Amino acid sequence: MANVLLARMGEITLKGLNRGSFEIQLKSNLKYRLKRFGNLKIYQSQSRIWIEPKEEENPNFQSLAQAEDIMKAVCQVFGIVSVSLARKFEGDFESIKENAVEFVRELLERNPDYKTFKVESKRGNKTFPMTSPVICDELGGHLLDTFPELTVKVKNPDFIVNVEIRESNYVYVGKMMAHRGLPVGTCARGMLLLSGGIDSPVAGFMMASRGMPLDAVYFHSHPYTSDMAKQKVIDLAKIVSGYSGRMTLHVVNFTQIQLDLYKHSPQDMLTVTMRRVMLQIAERLAQKYDCKCLITGESLGQVASQTMEAIAATNEVVKMPILRPLIGLDKQATCDISRDIGAFETSILPYEDCCTVFVAKHPKTHPHPEDIIEAEKDLDIESLVEAGVLGTEDIVIDPF
Amino acid sequence: MIYFDNSATTFVSDKVRAKIRELMEDEVSANPGALHRLGNHAMDLYEGIRKETADILGAKPDEIFFTSCATESANTAIKGYMSRNKRAGKAVISTRTEHKATLESLEYLASNGYEIRYLKTGLDGKPVMESLEEELGKGDVALACFTLVNNETGAIMPYELVFKTIRTLSPTTVIYLDCVQALGKMPVNLASIGADMCSFSGHKIHSVKGNGILYVKKGVRIDPLIVGGGQQDGMRSGTQSAVLAGAFLEALKEVSEGIEEGLSNVSKINSYLRKELTARGAVILSPDDALPYVLNVSFKGFESETMLHCLEIYDIYVSTVSACSAKSKKVSYVLLEMGVDRKTAANAVRLSFSRYNTMDEAEEFIKRVDEIYDQFLVK
């Protein structure tokens, strides 16, 4: 008898001939993410992945409470839909009853409000003498006798007791929902333009959820912005790396570039010229570090630099695709995701990543191509971009 | 490194380090409350420290209580007095330029039904006397809370005049005085100052963090904030630490010597900086007659936080209350209360000195400010 984790795969199961490579990547990601939880055996059967401790006394599997951290870690791995702590044991129906009662008791201690339940059963091992409906009936009755405060509710119960009879028996109650998606590493790397705001970490999270490993670039303007602003971005990168895996954060020393831009381009075009330079620096870094696209947290119409004209103006300076996963989301939806992934509280810390002295009071919201030519006529863009790429500090961000 | 942030905290002096090491030896570190010989010895040591501290401050030993910090002292004094003396009155007078330890304690009282009357403050950082008389005239004032030297501007409160007015117009009002920024920088004698309760902090006078003092004049009764084993006459429970009390005393002894020389040295630095910075278009926000240890200055063209980060490039450390944020401009409430306009206050930086700062450092500072203007001024 031992507790194991049962993780369910999602979209991967729709894959055709290449399904195997996705599964291998998923198991490899799980292995990397879970290594801090002890010596584990991770294997797959059909659309499920089983995670078992090699040592019986592994504390991370002893109870629902103790398993919370490892279950959360599993849920951070893209490709997983949900995870349950399951009791694995051999024996007849009596042992199923005992284990179910034990599990339900622990669940009720953690969730005293639970009042209704149902039993679901799957019998893969057809030599087991009872059919699935009989198992549900008998076990349901036994649980009602043992916990008189509970009642059965077939539609939307508070919790479901699952019984699975395979080569061993499994009982589990409830599941923790994960973030679905595809395993990180199943597509090419992307370069995330990361700031200290709410949007860009969410954009990184969303692309990682499609299997994309990330590098990130941040434009730092000390002394106009503080080391705390930089630390905030490092912290956000760490939060994103909890989902995307290890990443390198490239911190571009942007101070002199920003000063040059400020001196030589018109105030109302400063944001556009600045973003054009930033994208070019990001693209050079992306090429250098084998990234195939840039990722931004832009959302159409959110601020002056995110009007369609401004996006077109910044888009034209790079050849690489720019992915903008938030482009059609409203701010509230982005904030919801930010909260869900645990980035929001960090994103709203009051350390600005762009000093107000560089923000135009009335930026041009609909820049025309001729405005841009005019704005950049006194600038040596190539040398600014070159300086940005050269003056970069690389920080390896590990999720743990 | 040039450290001009001594009002935030000071470096621990060598003598304090040595004293701490000495007081951490086994034979002197028993619990002063223990009944055995070692305990008695520890208690003697502790009481000796208390007596010597009281002597230097011009108080009696049983008027001195060691706390964890000046914030604890302020909380104990303000909340403790009002809790114990419910019939003394329902009003407290103070100013809006007090340290947060005082203001938040007063907010606590306000939320418990007390009336807090804030006096007007002038551009000189001092409470306006007409305002004091007016608020006292309304009666029912149990407590008055002031600061001897303002931590942001160095403004010195004219305590003799203010206390005399209070004693005349409202003789039963008890006075609490925050002496944190004054200690070691100007003569502080509790007997002659005449406040009823005072707070002091160790780490502002080159001791370590974690030690402060509360002075409560004999005859003034307050409820303790921290209760437990009844140590320190029941005023502040918790096992007494001879190490922390001893560290405070050692620092106090050191800063109490040479106050005049320190003041003279820092005055020169202050005058030099005032002159040079004004010549560069900066606005001096500290009053002319402020304690020279604090110099609040608003730099033209630089928001406070940007100037702070510019200076840190050159290993120069200052502080600012104003934070640079696109969404909300946090500006010093002390400066606003004095009547400084918001834009000037948003560029305010506090330079705060110790007696160990030098003119060379001040000159280097000015040189660096010039470089910062050359390199980083935007506009």
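Select Pro223 of chain A. Pro223(A) sits in a loop, with strand E11 (214-220) on one side and helix H6 (227-244) of chain A on the other. The model is predicted. Show the backbone around His222(A) and Pro223(A): the peptide bond joining these two residues is cis, with omega at about 10 degrees.

Stay in chain A and colour it by domain. The assignment gives domain 1 as 2-177 and domain 2 as 189-397.

Next, select residues 270-288 and 381-390 of chain A. These are helices H8 and H13, which pack with their axes 9 Å apart and at an angle of about 50 degrees. An angle of that size makes H8(A) oblique to H13(A). The crossing of H8(A) past H13(A) is right-handed. To see the contact, show side chains. H8(A) contributes Val277(A), Gln280(A), Ile281(A), Arg284(A) and Leu285(A), while H13(A) contributes Ile381(A), Leu384(A), Val385(A), Gly388(A) and Val389(A). By class, seven residues of this contact between H8(A) and H13(A) are nonpolar, two are polar and one is charged.

Where they touch, 18 residues of domain 1 of chain B are in contact with 22 residues of domain 2 of chain B. On the domain 1 side of chain B, the touching residues comprise six nonpolar, eight polar and four charged.

Now pick out residues 70-84 and 100-111 of chain B, which are helices H3 and H4. Their axes are 9 Å apart, and the packing angle is about 30 degrees. With this angle, H3(B) is roughly parallel to H4(B). H3(B) passes H4(B) in a crossing that is right-handed. From H3(B), the contact uses Ala70(B), Thr71(B), Ala74(B), Asn75(B), Ile78(B), Lys79(B) and Met82(B); from H4(B), the residues are Ala101(B), Thr102(B), Ser105(B), Leu106(B), Tyr108(B) and Leu109(B). The classes in the contact of H3(B) with H4(B) are eight nonpolar, four polar and one charged.

Centre the view on Ile93(B), a residue of strand E3 (residues 91-95) of chain B. Is Ile93(B) buried or exposed? Ile93(B) is buried, because 26 other C-beta atoms lie within 10 Å. Leaving aside neighbours within four places in sequence, the contacts of Ile93(B) are Arg117(B), Leu119(B), Glu135(B), Leu136(B), Val141(B) and Ala144(B).

Two aspartates of chain B complete the tour. Go to Asp140(B), in the loop between helix H5 (129-137) and strand E5 (141-147) of chain B. Asp140(B) is not a glycine, but its phi is positive, near 65 degrees. Asp140(B) counts as partly exposed, with 15 other C-beta atoms within 10 Å.

Then go to Asp315(B), in the loop between helix H10 (304-313) and strand E11 (316-317) of chain B. Asp315(B) has a positive phi of about 65 degrees, although this residue is not a glycine. Asp315(B) has 11 C-beta neighbours inside 10 Å and therefore counts as exposed.

Definitions and conventions: Residues are numbered from 1 along each chain as its sequence is written. Chains are lettered from A and ligands numbered from 1 in the order in which they are written. This is a predicted model: local features need pLDDT of at least 70, side-chain atom pairs count only at pLDDT 80 or more; totals for chains, interfaces and linings use all residues. Domain bounds come from an automatic or database domain assignment. Axes are lines fitted to C-alpha atoms, for helices over the stretch in contact, and angles run from 0 to 180 degrees between N-to-C directions. Helices (H or I, at least four residues) and strands (E, at least two) are DSSP runs, numbered from the N terminus. Angles under 35 degrees count as roughly parallel, over 145 as roughly antiparallel, 65 to 115 as roughly perpendicular and the rest as oblique. A crossing is left-handed if the near helix is turned anticlockwise from the far one by less than a right angle, and right-handed if clockwise. Two residues are in contact if their C-beta atoms, placed from the backbone, lie within 7 Å. Ala, Val, Leu, Ile, Met, Phe, Trp, Tyr, Cys and Pro count as nonpolar, Asp, Glu, Lys and Arg as charged, and the others, Gly among them, as polar. A residue is buried if 20 or more other C-beta atoms lie within 10 Å of its own, exposed if 12 or fewer, and partly exposed in between; C-beta atoms are placed from the backbone.
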